[in-house]
Amino acid sequence: MSDYDTIPLREPLRFEFTGYTLWIELEQFEIKDQTNDRSTQLIKSDLDHIIQVASQKQSAHPIPTPHMTLFYGMEHFQNEGEVLSMFNGEFKRFLEENKFKWPSSLKPKAVLSDISFDGVNGEVMDMAWSEMSFVTSDEHEKMLDTIYRIFYRKTRNPNDRWVPHLSLAYDNPENTTLSFEHAASLVSRFPTLLKDRQVKAISLWSTYGKMADWKCLDRIHLNVEPHLEAVCLSIQAEPQIASKASFSIVDKNGRATLDASPMSTIPLREPLRFE
């Protein structure tokens, strides 16, 4: 079955979200993806393509756009006009002072699939998801401290470290089709998921209601260095991730199961002996 075959979709995500939310949007890479019928297509934006494939293969509804959440559910703004005034006023001036640049690229560290229930173990949503987890840094935390002060008018709790992640697919938590195997297979098929990424934009969203109700209110583009490259990818019959150092594959309990980094050096096998 091709990724693009029409199959019955699962029930849309039932959880009702709230507030206004700040997202960062990551740079995307040009790739070539080989479909099941052996035809190869050039993909201009890998993450747009990956989240569509991730959802279609599990009959889930796709995420509106690839993103990382900075701050979710800001309910203290009275209306869209008020939050837009802050976004395009003080916040935009802050970005201008920083030459419209995010401090540094974001580095992936793990692939994860998990479920949560609102009110259980501190969780605030009922959902299942698959994600790429990324590493934060002191300079990223400093950036978030300032953004928090702008939008919340108070100091961010120093214990509230950012947990940067790129969600690949969402589902309802009961009997979800998302799994660690599904997430790992995406990394195998799309190795660009292992690449560091610059932040290309920050967007403001209304996340009141269900996922289908979300809407982008505005977007500020940042300055990034261009990348001109293409990676030839192909569908694997079984998930295969090279066992290398520095990149962790973890299960839902946080246990490392595999390491995979395309940049690591591993011992070569004996050269072909045939004369």
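Author: What follows covers these topics in turn, for a model that is predicted.

Reader: How many salt bridges does the structure hold?
Author: The structure holds 14 salt bridges. One of them pairs Arg 189 with Asp 33, with an N to O distance of 2.7 Å. Arg 189 belongs to helix α4 (residues 180-189) and Asp 33 to strand β2, so this pair ties together parts that are 156 residues apart in sequence.

Reader: Are Arg 189 and Asp 33 buried or exposed?
Author: Arg 189 is buried, because its relative accessible area of 5% falls under 20%. Asp 33 is buried as well, with a relative accessible area of 0%.

Reader: Which residue forms a salt bridge with Lys 44?
Author: Glu 30 does, and the closest N and O atoms are 3.2 Å apart. Lys 44 sits in the loop between β3 (40-43) and α1 (46-56), while Glu 30 is in strand β2 (residues 30-34), so the bridge ties together parts 14 residues apart in sequence. Lys 44 is exposed, with a relative accessible area of 58%, and Glu 30 is partly exposed at 27%.

Reader: Which residues are linked in a network of salt bridges?
Author: Asp 138, Glu 141, Asp 145, Arg 156 and Arg 161 are linked in such a network. Within it, the side chains of Asp 145 and Arg 156 meet at 2.8 Å, N to O. Asp 145 is in helix α3 (residues 138-152) and Arg 156 in the loop between α3 and β7 (165-171), 11 residues apart. Asp 145 is partly exposed, at 27% relative accessible area, whereas Arg 156 counts as buried at 7%.

Reader: Changing topic: where is Ser 203 found?
Author: Ser 203 is part of strand β8 (residues 199-206). With 0% relative accessibility, Ser 203 counts as buried.

Reader: Which side chain is joined to that of Ser 203 by a polar contact?
Author: The side chain of Glu 25, at a distance of 2.7 Å. Leaving aside residues up to four places away in sequence, Ser 203 touches Thr 21, Leu 22, Trp 23, Glu 25, Phe 87, Cys 216, Asp 218 and Arg 219.

Reader: Finally, how many cavities of 30 Å³ or more does a search of the whole structure find?
Author: The search finds 1 cavity of that kind. The largest cavity has a volume of about 40 Å³.

Reader: What lines the largest cavity?
Author: Its lining consists of Glu 11, Pro 12, Leu 13, Ala 60, His 61, Tyr 170, Asp 171, Asn 172 and Met 211. These lining residues divide into 5 nonpolar, 2 polar and 2 charged.

Methods: Residues numbered from 1 in each chain as written. Predicted model: local features only at pLDDT ≥ 70, side-chain atom pairs only at ≥ 80, totals over all residues. Heavy atoms only, no water. 1 Å grid on protein atoms, 1.4 Å probe; cavity = no way out; pocket = protein on both sides within 12 Å on 5 of 7 lines; lining within 4 Å. Points joined across faces, edges and corners; volume = space filled by probe spheres on them. Nonpolar A, V, L, I, M, F, W, Y, C, P; charged D, E, K, R; others polar. Helix = DSSP H or I, 4+ residues; strand = E, 2+ residues; numbered from the N terminus. Buried < 20%, exposed > 50% of the residue type's maximum accessible area, 1.4 Å probe, protein only. Polar contact = N/O pair within 3.5 Å; in protein donor to acceptor, adjacent residues only side chain to side chain. Contact = heavy atoms within 4.5 Å. Salt bridge = Lys/Arg side-chain N within 4 Å of Asp/Glu carboxyl O.
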